[in-house]
Amino acid sequence: MRPELFQLILPSTWESLYMTLLSAALAYVVGLPLGILLVVTDKNGIRPIPALNAALGTIVNLLRSVPFLILFIALRGVTSAVVGRAYGARAVIVALFVAAAPFIARMVESSLKEVDPGVVEASQSMGASTMQIIMKVLLPEARASLLVGAAISITTILGYSAMAGIVGGGGLGAVAINYGYYRGEDTIMWVMIIILVAIVQVFQEVGMRLSRLVDKRIR
């Protein structure tokens with residue numbers, strides 16, 4: 001690998017982290033309340049609304065079923081209108097947000113459904129409101145699982161961001177494709193892969209450590 005290409009590593013790593021973390025934060029703004037709604041309005045939820053639950057579930061499933069690269073290409077018109085361009089890191093963030101929000105909603109839903117129903121029923125019997133149950137029972141009781149889910153979500157989004165390198169995205173994926181694959185320099189590709197794996201391991205380790213820290217069951 002040519003020495004000058006080492007200069008691409010730091011900016012491309014930063015770009016990947018920027019895309020991943022910003023899109024994850026934006027996706028949680030939508031995905032977290034959406035996941036809560038899916039649990040609350042479920043037939044066994046604290047406020048069952050079957051029609052709303054079915055509609056939300058259908059939207060989430062439809063968005064999750066579209067492969068990321070196809071979604072990125074399909075959203076190019078929207079992306080251009082939002083950020084002024086259809087390629088690069090900022091453009092990828094729009095597609096990452098749309099792809100990640102339903103994924104996060106399902107992760108949140110799964111975590112909240114792990115909460116002991118008896119705890120929820122006890123809160124209801126004491127007259128707690130829906131919002132009180134959400135804020136003081138469901139979220140606190142599920143926080144360990146939510147942290148694990150957050151780590152999984154972030155690493156999944158990182159993988160999506162790397163895929164976007166093949167269709168005009170930035171970051172480590174773009175370097176691996178443009179300098180590694182297209183130019184036949186396998187060393188560059190493997191260096192990018194190693195960096196991506198290292199980042200994934202860091203996110204997963206941080207998520208697991210935080211989860212163990214707040215998990216009351218292992219104290």
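This is a short tour of the structure, stop by stop, from the whole chain down to single residues.

The model is predicted, so local features need pLDDT of at least 70 and side-chain atom pairs count only at pLDDT 80 or more, while totals for chains, interfaces and linings use all residues. Residues are numbered from 1 along each chain as its sequence is written, and side-chain values use heavy atoms, with hydrogens and water left out.

**Stop 1: the whole protein chain**

Start with a cartoon view of the protein chain. You will find 10 helices and zero strands; helices here are DSSP runs of H or I with at least four residues, strands are runs of E with at least two, and both are numbered from the N terminus. Along the principal axes, the C-alpha atoms fill a box of roughly 70 × 45 × 25 Å.

The protein chain exposes about 11600 Å², of which carbon and sulfur atoms supply 67%; the areas come from the Shrake-Rupley method with a 1.4 Å probe. Of the 219 residues, 45% are buried (buried is under 20% relative accessible area, exposed over 50%, partly exposed in between, with a 1.4 Å probe and protein chains only). Among contacts with a separation of 6 or more, 72% join residues 24 or more positions apart; a contact means heavy atoms within 4.5 Å.

**Stop 2: helix α2**

Select residues 50-65, which form helix α2. At 1.5 Å a residue, these 16 residues should span 22 Å, and the end C-alpha atoms are 22 Å apart, which agrees. The expected span is 1.5 Å times one less than the number of residues.

Next, show the side chains of N53, L56, G57 and V60, the buried residues of α2. They cover an arc of only 100° around the axis, which puts them on the same side of α2; the arc is that of the directions from the helix axis to the C-beta atoms.

**Stop 3: N53**

Zoom in on N53 in helix α2. N53 counts as buried because its relative accessibility is 17%. Leaving aside residues up to four places away in sequence, N53 touches L37, L38, T41 and D42.

**Stop 4: I93**

Finish in helix α5, at I93. With a relative accessible area of 7%, I93 is buried. Again not counting residues up to four places away in sequence, I93 touches Y18, M19, L22, S23 and L26. To end, draw a distance from the C-alpha atom of I93 to that of T79: the two residues are 14 residues apart along the chain, and the separation is 9.0 Å.
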